[in-house]
Amino acid sequence: MLPPELHPPPYRPYTSPSPNFNSVYSPKRNPSPSYPNGNTTTNRRSQHNSRFNPTSFVHNARIAVALVPSAAFLLDLGGTPVVAALTLGLMVAYVLDSLNFKSGSFFAVWFTIISAQIVFCFSSSLFTSFNSVILGLLGCCVCGFASFLIGVWASLQFKWIQIEFPTIVLAFERILFACTPVIGSVLFSWATVSAVGMMNASYYYMVFNCVFYWLYSIPRVSSFKMKQEVSYHGGEVPDDSLVLGQLESCLHSLHLLFFPLMFHIVSHSAILFSSASTVCDLFLLFFVPFLFLLYASTRGALWWVTKSEHQLRSIRIVNGAVALVIVVVCLEVRVVFHSFARYIQVPWPLNYVLVTVTMLGGAAGAGAYEMNMIADASSSLAFTGLAVFVSAAGAIVVGFPVLFIPLPAVAGFYLARFFTKKNLSSYFAFVVLGSLMVTWFVVHNFWDLNIWMAGMSLKSFCKFIVADVILAMAVPGLALLPQKLHYLTEVGLIGHALLLCHIENRFYTYSGIYYYSFDDEVMYPSYMVVLTTFVGLALVRRLSVDHRIGPKAVWVLTCLYSSKLVMLFITSKAALWASAILLLAVSPPLLLYKDRSRTAPKMKPWQGYSHAAVIALSVWFCRETIFEALQWWNGRSPSGGLLLGVCVLLTGLACVPIVALHFSHVMSAKRSLVLVIATGVLFIVMQPPVPSSWTYHSELIKAARQSSDDISIYGFITSKPTWPSWLLMSAILLSLAAVTSIIPIRYIVELRMIFSIAMGIALGVYISAEYFLQATVLHILIVTTTVCTSVFVVFTHLPSASSTKVLPWVFALLVALFPVTYLLEGQVRVKSILADSGVGDLGEEDSKLTALLAVEGARTSLLGLYAAIFMLIALEIKYELASLMREKFNEKGGGGIRHSQSGQSSDSGSSFPKMRFMQQRRASTVPAFTIKRMAAEGAWMPAVGNVATIMCFAICLILNVNLTGGSNRAIFLLAPILLLLNQDSDFVAGFGDKQRYFPVTIVISGYLILTSVYSIWEEIWQGNVGWGMQVGGPNWLFAVKNLALLILTFPSHILFNQFVWSYKKRNDSVPLLTIPLNLPPLLITDVVKVRILGLLGIIYSLIQYLISRQQYMSGLKYI
């Protein structure tokens, strides 16, 4: 009796109305209705139109398999310009999306892709690489179409497009599935050919075609069709619910069959019929995809031909038999007799007969079993006889002794019996006999060769290979054992993976065996490492899905197979095992704790500590591999600080899964993890001197340190003392620990004081040792300055009961230290330089010039230090005042709410829970100091902030003159510092938040006017004692002309600054009337600053007009 899903719909019993629509379309699960005359329905769209269902695109992972590597390949071809264009465009799209401007984000994504493609066409070297205009244009078209597909894929992620334009979304989905296999196979083949050469490009193209045909051309249900539609069709998937139609499926099949063959004909036209091997290439490139297409038809690939299972079965059997014969014969010529002729021990012509019988018989048996043709006693008998005959013929071919020919025949018999009777003991009998045959073959062909390979004899390799093959043969049988014995399968798989890793590590990384004989063929190529890795990972996943192995075995096998990829980048023999240990230490939080309850922590605290300790030990054990990776990346040996920093950073990153997945509710774990990662980053950036005992204990690292290559290449380099970097790192880590509340300075005043003093001392000593090492006397003043700054900032942010009385005096001391330190630094440095040079007060001019330059440089550094200090103080005070105003506003609002609700009923007590929560949170977080008291005793803050802001701005102006000679553009970067000014009744009366932009504009205008006058004066003065010009002379005309042009710019600036101060509306025509006055200064002046003033006056006038106009329109709307 057939199962219910194979019955035709009129006779089918009840089936579940909701099958898995993520599965592929199959005629077995979706048969067409049968009619009495035996005809089936034609392939047409179902008359029931499936309804559109907006949802997330469920095929993202499938599309990403092709488009993500393609995008990476396009970025590699385009280079930095394309990456820059994409980065800027995607940043704009992200900002628009975060502002909920969905349509703008959508168009920004498309504009970014189009811009990147345009940049790609101009920046890539396709035309020079191909050395052909036609091929270059074709390559640009392929890359452009790939970019278009990426844009289509990105468009499907916008939910609003699905809601507003459902037909476009369905078209986008069909375009993706119709075009991705074509473009993806081309780009993947292109990348492969670029890496390994053009020799077998047609076969690469054929393989990628088959892979993408399987991923995208097998019929699949649309992501946007309602899944409930299946109940309306008796459990069948209607045709219009499929992504691809008949036309696209037909074109995909033709593309699979003919494009690799056509590509081979075009690229190898000169040698198509030069030998039997080249002729066989033509047949293989057609019939191998044809066999794959017939196999894919078991998953519905030929649904566009017919939906009749009987007809499809006939097509598979007839066409498959013909294709199988041709493929087997071609493989004999192309592979067997070409590469393995030395192992064929039968003379001609019997060798061709027996090899053909063996290969064709084996292929026929496998095909018959796959097509379910072994169903009765007669077919089972024929299958068993074929297996016995093929095994015996194969044994004769490889030279197996005639006396022992029954041994392979019996092995074939047991293998056939296993497939026909499902007898597990028969399979193990086959494994035993097959192991004997494999052992005989290896011993017979290789055992007597006295060859050393990869540092060991060939006999040792033979032992490893035989053991690996025996394990590979035994694992399928072990996997079929009962559930209690699955640990045997796990042991066999792990043993096989260990042997494979050891063999590949020896063959691939040993320096003496990269080339075989005198040919330039790599003995163990890179693609074999990649192939065995992904085949192993796929096997592990399949066995895990079938519950043949447990999670621990999956964890170990995944780490072992993944670690093999390290060999592709690091050629050290220990790299594979070190990476395997590191993966085994990092991956348990991801792989071993999946099945536990989500309501409770998945990992206990002691387990978390244990895993973290194991990770740290594993990273330390792998330090040599990390050292080699850094050496490979930098091209030279890394420093001790860099090596230690990378180890600490890797430890922190490896602990991220532990904290994120299992201890996300523990704040201390998060804070500690942030501190560890920050420590690693600081070690990498600062690279402080590290004792050799911290990073060495390794002969490899010591040998690299003692190498003389750096000296021979770079010479002797005078090293700068780097110990002060430890102080800076300590200060940064202390700050981070305080911010993350690891150090509870928020609640303990004494600890806050100790923290601020320690921070100040660390920063002061670092600055003194790094920038003022020669001026020893100034170290006390600099340390005092940094300590005062640290105390002021910390206690301003976290005030105490007496801090408001002390902080103004701390700031006063800080201001007083500035001129003292500045003047004392120059005197001390001049005396030390002159004393060291042995020159007195009347020494040589060169010595005096050197001393003056040193003083100016040191004083410039000192000015930069104080500018940064005053900037920090101004920022802190501005932040605290803004927070204070916000707290006052919230308190006033909360009091009004409480007063308005005091007379209401008791049920109103549940209102405003967020307000009460925020009040409780404020009451618990403000340490020993209230907002009202801060307002009463903190009236000094605006004045101090304004003084700090003005001093910072003045120092920056001095630095601008010293460093750039008074740059015109610097004022536009320095003037925004004045935005830190506060409302202060003591110094600036009437200044408030409304006038916050007035200082910026007035300073820009005043600075440009004064420097313009100075430039004119400097031009006409020319260093003469007198006036340096005559009335009517060229200098006089220059001064009069440029001063007059300068005066013409005044009206626009005066009007705009008045407007910025008061924001009073004037006549709209007044700002526009001043624009013509700025045109002569913009066009005919000789002074650049006057031209800038003219341009700025035009901009000011336009801004004033637009703001006034907007205020007028807003007033009309209000009225």
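This is a predicted model: local features need pLDDT of at least 70, side-chain atom pairs count only at pLDDT 80 or more; totals for chains, interfaces and linings use all residues.
I number residues from 1 along each chain as its sequence is written. Local features need pLDDT of at least 70 and side-chain atom pairs count only at pLDDT 80 or more, while totals for chains, interfaces and linings use all residues; side-chain values use heavy atoms, without hydrogens and water.

Entry: cores. I looked up nonpolar cores (sets of buried Ala, Val, Leu, Ile, Met, Phe, Trp, Tyr and Cys residues joined through side-chain atoms within 4.5 Å). Buried is under 20% relative accessible area, exposed is over 50%, and partly exposed is in between (1.4 Å probe, protein chains only). The largest core has 74 residues, and Phe870 and Ile955 are among those with the most contacts inside it. Helix 34 (residues 845-900) gives the most to this core, with 11 residues; helices are DSSP runs (H or I, at least four residues), numbered from the N terminus. A second, separate core of 44 residues includes Cys140 and Phe158.

Entry: salt bridges. I searched the whole structure for side-chain nitrogens of Lys or Arg within 4 Å of a carboxyl oxygen of Asp or Glu, and found six salt bridges. Asp281 pairs with Arg334, with the closest N and O atoms 2.7 Å apart. Asp281 is in helix 10 and Arg334 in helix 11, 53 residues apart. I find Asp281 buried at 6% relative accessible area, whereas Arg334 is partly exposed at 23%.

Lys564 forms a salt bridge with Glu504 at 2.8 Å between the closest N and O atoms. Lys564 and Glu504 are both buried.

Key. Helices (H or I, at least four residues) and strands (E, at least two) are DSSP runs, numbered from the N terminus.
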